[in-house]
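Subject: Structure for your files

Hello,

Here is the structure you were expecting. My notes on it follow below.

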Amino acid sequence: RKVADIPVDHASCSAQHAVLQFRLRERTDETGLGVVRDVRPYIMDLESTHGTFLNGEKLQSARYIELRENDVLKLGASTREYVLMCRE
């Protein structure tokens, strides 16, 4: 709880189970002249014992995966689901 921003109290979840990171992404706009910046969320399982699941599939550990709107995350054997909701 001292280092976690989102504490999860389930026996199958590690103390530091996964990391949620927001990254600034820059890309060229449709005209090719300007730059569009947006922030995208990523998830990475921190080599947890019981895994992190994205839309029902177990994630490979120690690898960032970009999240999309309405993606569903589950940690370990917990039945709690976390759904990504984006604001426009």
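A residue counts as buried under 20% relative accessible area, as exposed over 50%, and as partly exposed in between. Arginine 68, with a relative accessible area of 49%, is therefore partly exposed. Please keep in mind that this is a predicted model.

Salt bridges

The whole structure contains five salt bridges. Three of them are described here.

Arginine 68 bonds to glutamate 66 in one of them, with 3.3 Å between the closest N and O atoms. Glutamate 66 also meets the side chain of arginine 40 in a salt bridge, at 2.9 Å from N to O. Since glutamate 66 belongs to strand β5 (residues 65-66) and arginine 40 to strand β2, this pair ties together parts that are 26 residues apart in sequence. Glutamate 66 and arginine 40 are both buried.

Arginine 25 forms a salt bridge with aspartate 38, and here the closest N and O atoms are 2.9 Å apart. Arginine 25 is in strand β1 (residues 18-28) and aspartate 38 in strand β2 (residues 35-45), so the contact links parts that are 13 residues apart in sequence. The relative accessible area of arginine 25 is 29%, which makes this residue partly exposed. Why does aspartate 38 count as buried? Its relative accessibility is 19%, and the cut-off for buried is under 20%.

Arg25, Asp38, Arg40, Glu66 and Arg68 belong to one network, joined by salt bridges that share partners.

Sheets

There is an open sheet of three strands, with the order β1-β2-β5 and antiparallel pairing. Its edge strands are β1 and β5, each of which pairs on one side only. Eleven bridges connect β1 and β2, in the antiparallel sense. Glutamate 26 has arginine 37, in β2, as its bridge partner.

An open sheet of four strands runs in the order β4-β3-β6-β7, again with antiparallel pairing. At its edges are β4 (57-58) and β7 (82-83), each pairing on one side only. Strand β3 (residues 52-54) pairs with β4 over two bridges, in the antiparallel sense. Phenylalanine 53 is placed opposite lysine 58 of β4.

Histidine 17 is found in the segment before β1. Its relative accessible area is 6%, so histidine 17 is buried. Which polar contacts does the side chain of histidine 17 make? One is with the side chain of serine 48, at 3.3 Å. The side chain of histidine 17 also reaches the backbone oxygen of glycine 51, at 2.8 Å. Leaving out residues up to four places away in sequence, histidine 17 touches Ser12, Asp45, Leu46, Ser48, Gly51, Thr52, Leu75 and Gly76.

Aspartate 45, one of these contacts, is part of strand β2. With a relative accessibility of 1%, aspartate 45 is buried. Aspartate 45 and histidine 17 are 28 residues apart in sequence, while their C-alpha atoms are 6.3 Å apart in space. The side chain of aspartate 45 reaches the backbone nitrogen of glutamate 47 at 3.1 Å. With residues up to four places away in sequence not counted, aspartate 45 touches His17, Ala18, Gly51, Thr52, Gln60, Ser61 and Ala62.

Leucine 20

Leucine 20 is in strand β1. This residue is partly exposed, at a relative accessible area of 39%. Its contacts, again without residues up to four places away in sequence, are Tyr42, Ile43 and Leu67. Leucine 20 and glutamate 66 are 46 residues apart in sequence, and from C-alpha to C-alpha they are 9.9 Å apart in space.

Aromatic rings

How many aromatic pairs does the structure hold? The number is zero. Two rings do have a charge over them, from arginine 23. Arginine 23 lies over the face of tyrosine 42, at 4.4 Å from the ring centre. The charged end of arginine 23 also sits over the ring of tyrosine 64, and the distance to the centre of that ring is 4.3 Å.

Regards

Terms used
Residues are numbered from 1 along each chain as its sequence is written. This is a predicted model: local features need pLDDT of at least 70, side-chain atom pairs count only at pLDDT 80 or more; totals for chains, interfaces and linings use all residues. Side-chain values use heavy atoms; hydrogens and water are left out. A salt bridge is a side-chain nitrogen of Lys or Arg within 4 Å of a carboxyl oxygen of Asp or Glu. Buried means under 20% relative accessible area, exposed over 50%, partly exposed in between (1.4 Å probe, protein chains only). A polar contact is a pair of N or O atoms within 3.5 Å; within protein, one must be able to donate a hydrogen and the other to accept it, and residues adjacent in sequence count only if both atoms are side-chain atoms. Contact means heavy atoms within 4.5 Å. Two strands pair if DSSP finds at least two bridges between them. Rings of Phe, Tyr and Trp (its six-membered ring) pair if their centres lie within 6.5 Å; planes under 30 degrees apart count as stacked, over 60 as edge-to-face and the rest as tilted. A charge sits over a ring if NZ of Lys or CZ of Arg is within 6 Å of the ring centre and within 35 degrees of the ring normal.
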